[in-house]
Amino acid sequence: MPDFAVELLTAHRDVFPAGPRGEVFTNSSAGPLRRTLFRARVWRPSLVRAGLLGNVSRLGHFKWRAAWLDPEGVEWTAEFTTEREAVAHVAKMAPGGLRFHDLRHSYATELVSRGVPVNDVQAVMGHEKPSTTLNLYTHRSDGRDQRIREAFADDPLTPNDN
């Protein structure tokens, strides 16, 4: 794990004790997170709070505005007395959004883009074959075309326009 992740997890453990079987992340009763509830209760509200799925803003004391787009791109709004209710409503009503599993794809793409050998990425991802890593988990990265052009920019076979 990268050093920054170790630091963040250590800080988390200082505030939140481990679960009954050593879980790092637990539910509100200090029990294990249930896969069936994780998306609705943890993941999607996290996307809302991060500004990646709808928007929640404070209008005043005990007044919060929830806003989201429907599948046709029409904006909807509602007002709530707590931020938690507004976030939960957007998480429930807003379509789409980043899936938790998408983080694996982003991670693999970033590692390959930074020059980590594919066989090393394959091992970290737990894939049986490097083709799985390349074909299913890595995606076009920003700046790809420029990096490809620059790869041969200083090659002796490249025409010199001077």
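**Entry 1**

I started with A30, which sits in the loop between α1 (3-15) and α2. My helices (H or I, at least four residues) and strands (E, at least two) are DSSP runs, numbered from the N terminus. This is a predicted model, in which local features need pLDDT of at least 70 and side-chain atom pairs count only at pLDDT 80 or more, while totals for chains, interfaces and linings use all residues. Residues are numbered from 1 along each chain as its sequence is written, and side-chain values use heavy atoms, with hydrogens and water left out.

A30 is not a glycine, yet I found a positive phi of about 70° for it.

F62 lies in the loop between β1 and β2, and it counts as exposed at 56% relative accessibility.

**Entry 2: the β2 and β3 hairpin**

Next I followed β2 and β3, which form a hairpin with 5 residues between them. The two strands pair in the antiparallel sense over 6 bridges; pairing here asks that DSSP finds at least two bridges between two strands. Across the pair, W64 stands opposite F80 in β3. In the turn I noted G73, with a positive phi of about 90°.

**Entry 3: D70**

Which loop holds D70? I found D70 between β2 (63-69) and β3 (75-80). D70 is buried yet has no salt bridge. A salt bridge here is a side-chain nitrogen of Lys or Arg within 4 Å of a carboxyl oxygen of Asp or Glu. For charge, Lys and Arg count as positive and Asp and Glu as negative, while His and the chain ends are not counted. The nearest side chain of opposite charge to D70 is R44, 13 Å away. Leaving aside neighbours within four places in sequence, D70 is in contact (heavy atoms within 4.5 Å) with W76 and P95.

**Entry 4: salt bridges**

How many salt bridges does a search of the whole structure find? I wrote down 3.

- K63 and E79 meet through their side chains at 3.6 Å, N to O. This pair links distant parts of the chain, with K63 in strand β2 and E79 in strand β3, 16 residues apart. K63 is partly exposed, at 37% relative accessible area.
- R99 pairs with D102, their closest N and O atoms being 2.5 Å apart. R99 is partly exposed, at 44%, whereas D102 counts as buried, at 15%.
- E110 and R114 meet at 2.6 Å, N to O. E110 counts as partly exposed, at 38%, whereas R114 is exposed, at 66%.

**Entry 5: the two sides of α3**

I then turned to helix α3 (residues 83-93), whose buried residues are A86, V87, V90 and A91. Why do they lie on the same side of α3? They cover an arc of only 135° around the axis, where the arc is that of the directions from the helix axis to the C-beta atoms.

The face of α3 turned away from its buried side carries the exposed residues R84 and K92. Over the buried residues, the cover includes α2 (35-49), β1 (55-60), β2 and β3.

**Entry 6: nonpolar cores**

My last search was for nonpolar cores, meaning sets of buried Ala, Val, Leu, Ile, Met, Phe, Trp, Tyr and Cys residues joined through side-chain atoms within 4.5 Å. The largest has 14 residues, and those with the most contacts inside it are V48, V56, A66, A86 and V90. α2, β2 and α3 each supply at least two residues of this core, and α3 gives the most, with 4 residues.

A second, separate core of 5 residues includes A108, L111, V121 and Y137.

Key: Buried < 20%, exposed > 50% of the residue type's maximum accessible area, 1.4 Å probe, protein only.
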